[in-house]
Amino acid sequence: MTTSFPMNAGDDPYSYSKNSHLQREVLDGAKEMMKEVIIEHLDIKNMLSSSNKFCIIDLGCSIGPNTFNSMQHVVQVVKDKYHDNILEFQVFFNDHVNNDFNTLFRSLPIDRSYYPFGVPGSFHGRLLPSQSIHVAHCSSAIHWLSKTPKELLDEKSPSWNKGLIHYIGASNIEVMNAYVAQFEKDMEMFFNARAEEIVPGGMMVLISPQLSEHLLKFFGSSLMDLVNEGKLDEFLVNSFNVPVYFPSIEDMTKVVEKNDCFSIERIELTHPKSKLVDEADAKTLMINLRAVLEGLFINHFGSKIAKEAFTRTILKSDEISAWMKINYKKACQLFIALKRK
């Protein structure tokens with residue numbers, strides 16, 4: 001069964017809508033590449049020979065405002081390419097069923113040039129009818145696993161991840177293997193579903209930041225501080241693993257080629273400008289990650305411990321900034337453009 005812990009809802013100070021600066025930078029850093037692949041590889045005239053309806057889906061949209069910016073960008077690029085005022089655009093906003101769709105739709109731009117629809121459900125399975133989508137988009141979401149690998153939940157397993165909450169920093173190769181295996185299973189479901197939904201000649205763009213994975217260790221260290229102070233049972237830390245896997249070019253190439261329904265038009269690691277990384281703004285990044293991860297932490301540790309762990313981590317901002325200045329010379333993200341065969 002797919003597990004779901006969506007971004008912080010609403011619009012309070014720790015909500016995702018107020019704290020998604022990193023994700024906005026990821027989108028801004030990919031806009032020009034998105035424009036290039038649509039102009040070079042999308043042939044709308046062949047896809048829409050008997051229709052003027054153009055359908056786009058944002059997979060893992062969360063609650064905005066980033067999803068609105070990215071969808072309007074796709075719409076505008078298509079309009080600029082074809083100079084076709086007859087086209088009507090439908091945009092499907094997808095996320096888990098317990099995503100805050102109320103906040104999403106309350107904040108829809110008034111001047112949008114598309115018809116919006118909500119599509120609740122996991123993108124690891126089918127969401128829409130066959131051959132109904134022309135462009136699929138997924139930014140800062142493809143790294144989320146459908147669930148924590150089961151091997152990591154068994155204290156007797158060689159994959160037991162003692163003292164850590166992620167594969168980063170784990171000396172035990174079995175931990176990494178468990179994450180990779182789960183990622184490959186999830187991507188098999190993901191690509192099988194998209195192969196059904198995307199029309200022949202349609203495109204899918206996936207964007208994955210390669211920054212957050214290393215910052216997770218600081219949340220883990222705050223949890224272990226609580227263990228060492230006798231405020232938290234160590235078993236709770238050992239049995240907790242953040243279900244995200246940040247794929248490499250090789251990982252993505254492997255799953256795409258195994259599916260064999262998409263051609264890779266472009267795949268590369270890029271280094272877009274990032275104010276947060278350039279200025280080593282650890283405090284903003286940590287608050288950003290709190291908006292992403294807090295629901296997951298509360299579910300496992302309870303509200304009191306989760307909030308204490310996030311507060312302590314944010315207080316380590318100077319230490320984290322110093323670490324970033326040494327280890328992060330540039331922002332890095334993976335950009336993949338695929339075309340349905």
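Guide: Contact means heavy atoms within 4.5 Å. Helices (H or I, at least four residues) and strands (E, at least two) are DSSP runs, numbered from the N terminus. This is a predicted model, where local features need pLDDT of at least 70, side-chain atom pairs count only at pLDDT 80 or more, and totals for chains, interfaces and linings use all residues. Residues are numbered from 1 along each chain as its sequence is written, and side-chain values use heavy atoms, with hydrogens and water left out.

Visitor: Which residues of H10 and H11 meet?

Guide: From H10 come Lys283, Met286, Ile287, Arg290, Leu293, Glu294, Phe297, Ile298 and Phe301. From H11 come Ser303, Ile305, Ala306, Lys307, Phe310, Thr311, Thr313 and Ile314. This contact has 10 nonpolar, three polar and four charged residues. Ala, Val, Leu, Ile, Met, Phe, Trp, Tyr, Cys and Pro count as nonpolar, Asp, Glu, Lys and Arg as charged, and the others, Gly among them, as polar.

Visitor: At what angle do H10 and H11 pack?

Guide: Two packed helices are described by the angle between their axes and the distance between the axes. Axes are lines fitted to C-alpha atoms, for helices over the stretch in contact, and angles run from 0 to 180 degrees between N-to-C directions. H10 and H11 (residues 303–315) pack at about 160°, with axes 9 Å apart. They are therefore roughly antiparallel. Angles under 35 degrees count as roughly parallel, over 145 as roughly antiparallel, 65 to 115 as roughly perpendicular and the rest as oblique.

Visitor: How do H10 and H12 cross?

Guide: The axes of H10 (residues 282–301) and H12 (residues 317–327) come within 8 Å and cross at roughly 105°. That makes H10 roughly perpendicular to H12. Ala282, Lys283, Leu285 and Met286 of H10 meet Ser317, Ile320, Ser321 and Met324 of H12. By class, five are nonpolar, two polar and one charged.

Visitor: And what of H5 and H8?

Guide: The axes of H5 (residues 173–197) and H8 (residues 249–259) come within 10 Å, crossing at roughly 45°. That makes H5 oblique to H8. The residues of their contact divide into six nonpolar, two polar and five charged.

Visitor: Which residues lie nearest the centre of the second largest pocket?

Guide: Rolling a probe the size of a water molecule over the atoms shows where empty space is left. On a 1 Å grid over the protein atoms alone, with a 1.4 Å probe, a pocket is an open set of points with protein on both sides within 12 Å along at least five of seven lines; lining residues have an atom within 4 Å of a point. Here 13 residues line the pocket, with Lys53, Cys55, Gln131, Ser132 and His134 nearest its centre. Strands E1 (53–59) and E2 (88–95) each give two or more residues to this lining.
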